[in-house]
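Visitor: I would like to learn how to read a helix, a core and a sheet from a model. Can we take them in that order?

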Amino acid sequence: MQKPKPLPKNGAEFDTQHLHTFKHYVPWWFRQTQTSQEEFTVTDFVADIRGRLERSIKRQNKEMGRIFKDRRIFSRSFAYSTAQYSASWIKPGCGMGVYEERMYSAVDMMRKSRRFAITQGDPLYGGDYGTLSSDRNTGQSLYLNDLTVPEKELVAWLHDTGNMSAVLSDQELNRYTQVDSSLQCISYAVDLRKKIWEIIDCQDNNGFDQQWRGECVDMCIDQLLTMAEDRQQSTIDDLVGEQTSGKVHSMGAQEVIDTYIRPNMHEKEKAVQSLSLLEQMFAVASEEKDIDRIIMLVEVWNEILRTHDIASNQRPTGGVAGLTIKCAAENIQGIKEWLGPKPEKRSS
């Protein structure tokens with residue numbers, strides 16, 4: 001195994017690399033704008049945060065620190081989750097409270113099931129450790145590992161009131177629990193997310209027939225129409241042929257997918273062009289308020305992103321389409337999680 005590289009010392013560069021390396025876990029509405037010539041791996045971050053966690057835990061409880069150090073597979077898996085959740089919740093600005101809650105929930109799940117999971121994206125994933133299973137919510141495969149007696153003791157200690165907070169609040173974890181003030185980033189659909197927050201923040205009825213759902217869906221549709229207009233028609237002409245382009249939107253969505261998108265799914269340039277076509281199809285489905293069609297299009301959209309390692313925040317139209325679906329059918333808490341924290345002002 002290649003030796004992990006030391007991570008950047010500069011705070012903004014560290015945050016940029018962290019968000020880039022864990023880009024598939026960063027929410028669709030947030031993206032850093034800096035770039036760097038040097039590439040880092042998930043393993044580099046896992047090694048870094050694993051050492052920081054060990055020192056932090058040891059300061060709180062020497063025996064627990066020793067267990068964390070000795071249980072190498074558990075500690076590497078836990079370090080991966082800690083770094084991943086930081087990119088998902090801390091760096092985009094969801095707050096320390098949300099981060100601690102997510103970490104506590106992960107520990108609570110381990111405590112109750114007496115197992116820990118190695119998920120896709122974790123450098124340990126691949127079958128060398130654990131028993132193959134699947135996530136009940138996402139259907140993604142994972143590998144389950146029974147907790148050893150020392151690991152159960154460590155998990156119980158982390159689960160005790162205050163211990164998780166103390167570990168994450170330690171100065172060792174500052175690079176993962178804080179964001180450098182000079183980090184350059186952009187937030188997408190700020191006005192839309194703020195308006196939907198204002199509508200749902202005072203709601204407590206998750207019924208499908210509630211008026212607030214229609215209001216939120218309509219605003220998402222307006223946003224999708226606006227975003228579709230920003231895409232160049234020439235991109236779609238290149239994909240389907242200029243003579244055919246005008247006829248595409250008179251075709252059924254499944255026919256367009258089967259004829260022009262799936263045959264090009266594994267050729268990156270064509271697949272990326274397909275995203276522009278899907279954006280226009282989002283707009284048509286939105287005008288007709290066809291949520292089922294939007295769901296179908298989002299599934300194809302996400303398949304393209306997965307196939308070609310494209311993060312959702314590199315193409316936020318899919319995030320808005322997903323928000324449309326969630327406003328139509330998801331519970332209020334699920335919508336809030338997709339929205340992220342309520343925007344107070346426009347980010348630059």
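Guide: We can, bearing in mind that the model is predicted. Start with helix α4, residues 72-90: its 19 residues reach 26 Å from the first C-alpha to the last, close to the 27 Å expected at 1.5 Å a residue.

Visitor: Is α4 mostly covered or mostly open?

Guide: A general point comes first. An α-helix has 3.6 residues a turn, so residues three or four places apart point the same way. In this case α4 is mostly covered, with 16 of its 19 residues buried.

Visitor: Which residues touch the most other members of the largest nonpolar core?

Guide: That core has 93 residues, and the ones with the most contacts to other members are F78, I196, I261, L277, L278 and L323. The largest share of the core, 9 residues, comes from α4.

Visitor: What does I196 touch?

Guide: Leaving out residues up to four places away in sequence, I196 touches C216, M219, C220, L323, C327, I335 and L339.

Visitor: How many bridges join β2 and β4?

Guide: β2 pairs with β4, residues 141-146, over 5 bridges in the antiparallel sense. As one instance, F116 has N145 in β4 as its bridge partner.

Notes:
Residues numbered from 1 in each chain as written. Predicted model: local features only at pLDDT ≥ 70, side-chain atom pairs only at ≥ 80, totals over all residues. Heavy atoms only, no water. Helix = DSSP H or I, 4+ residues; strand = E, 2+ residues; numbered from the N terminus. Expected span 1.5 Å × (residues − 1). Buried < 20%, exposed > 50% of the residue type's maximum accessible area, 1.4 Å probe, protein only. Core = buried A, V, L, I, M, F, W, Y, C linked by side-chain atoms within 4.5 Å. Contact = heavy atoms within 4.5 Å. Pairing = 2+ DSSP bridges.
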